[in-house]
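Good morning, and thank you for coming.

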Amino acid sequence: MERTLVVLHGSVPLAAVQSLISQQGIAADQADVTTDPSSSTGTSGYARAVCVGSKADPVLLGAVAKLLKPGAKALLQLHGGSEADASSALLLSGFADCQASTSGGVVTVSAHLPDFAVGSKDSIKLKPKPTAAAADTSSSSKKAWLLAGDDLGDDDGGELLDDDELLTEEDRQRPAAAAKQDDCELGPGGARKACKNCSCGRAEAEAAGVKVTLTQEMLDNPQSACGSCSLGDAFRCAGCPYRGLPAFEAGKKIELTSDFLTADA
């Protein structure tokens, strides 16, 4: 015979408790009444629980849930509080499908436990691995879509093109090497010439027919008539003798190591 757990919590009118038990059709010999469900360690497996109290207590309801069997029903009646508080307390205690109503200031909520017990387990059915025969069939179906070089012959109305035929004679020519950058002015015929107020030495080199090289005097008293030599390599022309040196101030000695002007062995 299925038994019912009756839990009393807080200050509750005795007449209200007797009326609720009578309405639920619970016989006296089928009910166990307690005020502390956590102390009922030796009894469990109740099919139904009726809780009457003045406020919703999740801890109390959690102890009640441990004494019920899976799928057991629960009825909570509060003489004070709200439907939201009562439903929330039941949900936090493990109950589901809460149905709340209020009549005469009394909140009544019905719920039930899930159909599985706490700690229950079940095996997971995994998809079986394909057999060797199935794998061969799958491999064959993939190979069926591979095309050979002669699959698109004239008989099928298609034609394969040779990649080399798409190249023109201009495409086959080797590109010309980029000319060395020289930012001096262009003279007649496109030849480079010394700039006006040249300070890089190109003018002297053109006049003497020799290449201007960096001297100690140019390091001791550097000058820049064009204003670009002192700014650094990014602003110097290709023939500037100061190329490779750090930026400097005109008239201020450029400090270098003692072997800077010595040719490499």
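At 52% relative accessibility, Asp97 counts as exposed; the terms are that buried means under 20% relative accessible area, exposed over 50%, and partly exposed in between, with a 1.4 Å probe and protein chains only. Asp97 belongs to strand S5, residues 96-103. Although Asp97 is not a glycine, its phi is positive, at about 55°. Most residues other than glycine have a negative phi.

Before I continue, a word on the source. This is a predicted model, in which local features need pLDDT of at least 70 and side-chain atom pairs count only at pLDDT 80 or more, while totals for chains, interfaces and linings use all residues. Residues are numbered from 1 along each chain as its sequence is written, and side-chain values use heavy atoms, with hydrogens and water left out.

Let me turn to the chain as a whole. The protein chain has seven helices and eight strands; helices (H or I, at least four residues) and strands (E, at least two) are DSSP runs, numbered from the N terminus. Of its 265 residues, 26% count as buried. A contact means heavy atoms within 4.5 Å. Among contacts between residues at least 6 apart in sequence, 60% join residues at least 24 apart.

S1 and strand S2 (residues 31-34) run parallel and are joined by four bridges; two strands pair if DSSP finds at least two bridges between them. Leu5 has Asp32 in S2 as its bridge partner. Together with helix H1, residues 14-23, these two strands make a right-handed β-α-β unit. Right-handed here means that, with the strands pointing away from the viewer, the path from the first strand over the helix to the second runs clockwise.

Not counting residues up to four places away in sequence, Thr43 touches Asp32 and Leu67. Thr43 and Leu67 are 24 residues apart in sequence, and their C-alpha atoms are 7.0 Å apart in space. Thr43 is partly exposed, at 35% relative accessibility.

Why is H2 described as largely enclosed by the rest of the structure? The reason is that seven of its 10 residues are buried. At the start of H2, a side-chain oxygen of Asp57 comes to within 3.1 Å of the backbone nitrogen of Val59. This is a polar contact, that is, a pair of N or O atoms within 3.5 Å; within protein, one must be able to donate a hydrogen and the other to accept it, and residues adjacent in sequence count only if both atoms are side-chain atoms.

Ser93 lies in the loop between H3 and S5 and is buried, with a relative accessible area of 12%. Leaving aside residues up to four places away in sequence, Ser93 touches Pro58, Leu61, Gly62 and Ala65. Its side chain reaches the backbone oxygen of Pro58 at 3.1 Å.

Next, the nonpolar cores. A nonpolar core is a set of buried Ala, Val, Leu, Ile, Met, Phe, Trp, Tyr and Cys residues joined through side-chain atoms within 4.5 Å. In soluble globular proteins, nonpolar side chains tend to be buried together. Which residues touch the most other members of the largest core? Of its 24 residues, they are Leu5, Val64, Leu68, Leu76, Leu90 and Phe95. The elements giving two or more residues to this core include strand S1 (4-9), helix H2 (58-67) and helix H3 (83-92). Apart from this core lies another, of 10 residues, among them Leu219, Cys240, Tyr242 and Phe248.

I close with two of those residues. The structure holds one aromatic pair. Tyr242 and Phe248 form it, tilted, at 4.9 Å centre to centre and 45° between the planes. Rings of Phe, Tyr and Trp (its six-membered ring) pair if their centres lie within 6.5 Å; planes under 30 degrees apart count as stacked, over 60 as edge-to-face and the rest as tilted. Tyr242 is buried, at 2% relative accessible area, and Phe248 is buried at 10%. Phe248 is also in contact with Ser230, which is itself buried at 16%.
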